[in-house]
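This briefing sets out selected features of one protein structure, grouped by topic. Please read it alongside the sequence and coordinates.

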Amino acid sequence: MNRREFLELAAAATALSVVGTGAARAASSADVVRIGIAANGPRTSDPNQTTQGSDNWATEQIYEQLVRPEDGDFATTPDKYVPTLATEWSASPDAKTWTFKLRQGVQFHKGYGEMTSDDVVFSFKRAITDGTNKTIMANVADVVAKGPYEVAVQLKSPDVNFLGTTGFSNNTSIVSKKAFDKIGAEKFMTDAVGTGPYELTRFDAEWGTAMKRHEGYWGQKAKIAGVECVYIADTTARTLALLSGDVDLIEAVRAPGWVDSMLQRDPTLKFDMTIPGSFNTLHINLTRKPFDNLKVRQAVMYAIDRQAVADALKPMGGFMAGLQPDFFPAGFKTADLPPELQYKYDPKKAKALLAEAGFPNGFDFDSNCSQREDYSSTMLIVQEQLRAVGLRMNLKIGDHTAYHADNRSDKNTLAMHSSSYPPIPTQLYFQQLSSKSEVKSDGKGGGNYSHYGVAMPGIDALLDKALMATDYKTYVDTCKQIELQALRDLPLIGLSTLSFTVARNARLDMGYKVKSGYARWRFHRATKKA
């Protein structure tokens with residue numbers, strides 16, 4: 001037996017021990033959707049406290065918000081949100097008061113009764129004081145019940161995108177106030193009560209989470225009786241669990257060639273991908289000479305073949321002309337940009353710009369990178385492309401957690417960042433371009449690793465204008481100006497998008513097509529062949 005065969009057998013044993021076997025489980029498999037999660041174990045089932053993205057697979061089944069997009073998609077404009085726990089809503093002319101009429105008769109899990117405005121007020125206020133997304137919730141001034149089935153959310157500043165920034169957020173999932181008061185905050189972390197199509201039945205910090213169909217659900221009941229989120233951190237074990245049929249779908253490895261390698265092992269597999277998925281951006285540290293020189297940054301931009309980066313990640317990779325996909329608000333197609341901001345791959349021009357900047361022979365510099373597949377594969381491509389024009393990057397690849405800690409402490413030169421964003425462009429601008437998010441050497445700053453807006457003038461005034469807009473057109477037009485300014489100054493480069501991907505056994509039909517959205521989706525419409 002060779003080493004590879006040994007490792008696969010060991011991984012298979014791990015997968016079987018994690019997922020579980022036996023006649024009872026096999027007999028019930030048609031009644032359960034089982035997903036293999038790429039993490040060691042769940043941290044919480046409380047939607048107000050989730051910080052591990054993988055835990056959101058369970059919260060997506062258990063909880064609901066006032067509004068949500070269509071299943072398998074993002075709402076690219078405010079009018080595309082659909083009624084959920086609210087049946088209708090309106091905004092004041094200044095976009096600072098949003099009023100929601102609640103659906104009547106909605107029942108919480110485990111017999112905790114009907115949802116009313118008291119539960120909505122409680123859920124929002126708990127998100128303000130205890131939630132994991134305090135930046136967004138900081139704009140909420142008050143939440144007021146106007147009778148048992150109507151709620152008004154009062155904001156400190158206008159927000160024409162409130163449905164997306166705050167309304168459809170894990171933190172503003174509606175939970176039962178009665179259950180929280182009875183269970184207590186600590187137990188609620190692993191036994192929270194929502195209104196979704198599935199209710200939690202088991203939380204195991206090592207194994208995962210199990211849910212059963214909520215028979216009192218207000219909408220169409222889930223077609224499959226249960227959902228299990230089984231945590232299998234090892235990539236090989238997770239893959240073998242899918243190929244053996246022990247799980248129905250798994251979180252994919254987002255690396256070049258992975259999809260093709262899986263199809264070689266099982267050509268019947270299906271792959272669901274969110275487009276755009278993650279935004280892979282590259283911060284240029286403006287405090288590190290000579291990157292404070294615009295010509296050097298332009299040379300970097302011309303030296304990177306962004307289409308080749310996206311193509312290397314196919315079918316998961318996508319191209320961005322700026323910092324937003326072209327189908328998102330504020331996104332541009334290359335042809336729609338001014339010619340000088342299109343930055344078509346041109347290594348000769350990159351070399352000429354370096355010579356003009358005083359570096360005819362290029363220069364050497366250090367940069368850090370995460371060992372995670374999506375980071376390392378992208379940055380190794382970038383390293384080779386930069387080397388071809390004389391930009392010799394000494395790439396130091398290390399632990400993923402340590403990499404992020406170093407970025408947060410301003411220890412990088414060209415810092416790749418990967419994060420998912422909804423079609424609300426100001427979220428990326430605030431987190432990665434605003435001077436308020438400038439990185440600090442003590443680690444207490446934000447995700448603006450370039451020092452844009454501090455080391456040089458930035459887009460703060462435009463961002464403030466967008467955030468204070470009281471109509472959607474003004475908002476989008478101002479965001480387009482931010483895109484153009486960022487392309488002129490080049491503190492941040494959009495390298496590619498990278499779809500969040502799930503590999504799925506063909507016997508499981510989701511009941512809808514996954515097109516876009518966050519890295520989680522609901523199973524209530526799924527059906528499964530035995």
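**Structural briefing**

The structure is a predicted model.

**Helix 14 and burial**

- An α-helix has 3.6 residues a turn, so residues three or four places apart point the same way.
- In helix 14 the buried residues include the run Asp 374, Tyr 375, Ser 376, Ser 377, Thr 378 and Met 379.
- Val 382, Gln 383, Gln 385 and Leu 386 of helix 14 are buried as well.

**Cysteines**

- A disulfide is a covalent bond between the sulfur atoms of two cysteines.
- The search of the whole structure returns zero disulfides.
- Cys 369 has a relative accessibility of 2% and therefore counts as buried.
- Cys 479, with a relative accessibility of 0%, likewise counts as buried.

**Aromatic pairs**

- The count of aromatic pairs comes to 23.
- In one of them, the ring centres of Trp 258 and Phe 271 lie 6.3 Å apart with the planes at 85 degrees, so the pair is edge-to-face.
- This pair links distant parts of the chain, 13 residues apart: Trp 258 belongs to helix 10 (residues 258-265) and Phe 271 to strand 12 (residues 270-273).
- Trp 258 and Phe 271 are both buried.
- The rings of Phe 279 and Phe 328 have centres 6.0 Å apart and planes at 50 degrees, so this pair is tilted.
- Phe 279 lies in strand 13 (residues 278-284), whereas Phe 328 lies in the loop between strand 14 (317-318) and helix 13 (347-356); the pair links distant parts of the chain, 49 residues apart.
- Phe 279 and Phe 328 are both buried.
- Phe 279 and Phe 328 also belong to a cluster linked by ring pairs, together with Phe 74, Phe 168, Phe 327, Tyr 421 and Tyr 518.

**Backbone geometry**

- Most residues other than glycine have a negative phi, and most peptide bonds are trans.
- The peptide bond joining Ile 275 and Pro 276 is cis, with omega about 15 degrees, and Pro 276 sits in the loop between strand 12 and strand 13.
- A cis peptide bond also runs from Lys 314 to Pro 315, with omega near 5 degrees; Pro 315 is placed in the loop between helix 12 (306-312) and strand 14.
- Ala 95 is not a glycine, yet has a positive phi of about 55 degrees.
- Ala 95 lies in the loop between strand 4 (86-91) and strand 5 (97-102), and its relative accessible area of 4% makes it buried.
- Lys 110, another residue other than glycine, has a positive phi near 60 degrees.
- Lys 110 is located in the loop between strand 5 and helix 4 (117-130), and at 36% relative accessibility it counts as partly exposed.

**Cavities**

- Rolling a probe the size of a water molecule over the atoms shows where empty space is left.
- The search of the whole structure finds five cavities of 30 Å³ or more.
- The largest cavity holds about 140 Å³ of space.
- The lining of the largest cavity comprises 17 residues, and Glu 60, Arg 68, Gly 72, Asp 73 and Arg 520 are those nearest its centre.
- Seven nonpolar, three polar and seven charged residues make up the lining of the largest cavity.
- The second largest cavity has a volume of about 60 Å³.
- Residues lining the second largest cavity include Ala 75, Thr 76, Thr 77, Pro 78 and Tyr 81, and among the others are Asn 161, Leu 163, Gly 164, Pro 423, Ile 424 and Tyr 472.
- The lining of the second largest cavity has seven nonpolar and four polar residues, with no charged residues.

**Second largest pocket**

- The volume of the second largest pocket is about 210 Å³.
- This pocket is lined by 17 residues, with Asp 71, Tyr 217, Arg 522, His 524 and Arg 525 nearest its centre.
- The lining of the second largest pocket divides into eight charged, five nonpolar and four polar residues.

Technical notes:
Residues numbered from 1 in each chain as written. Predicted model: local features only at pLDDT ≥ 70, side-chain atom pairs only at ≥ 80, totals over all residues. Heavy atoms only, no water. 1 Å grid on protein atoms, 1.4 Å probe; cavity = no way out; pocket = protein on both sides within 12 Å on 5 of 7 lines; lining within 4 Å. Points joined across faces, edges and corners; volume = space filled by probe spheres on them. Nonpolar A, V, L, I, M, F, W, Y, C, P; charged D, E, K, R; others polar. Buried < 20%, exposed > 50% of the residue type's maximum accessible area, 1.4 Å probe, protein only. Helix = DSSP H or I, 4+ residues; strand = E, 2+ residues; numbered from the N terminus. Disulfide = S-S within 2.5 Å. Phe/Tyr/Trp six-rings, centres within 6.5 Å; stacked < 30°, edge-to-face > 60°.
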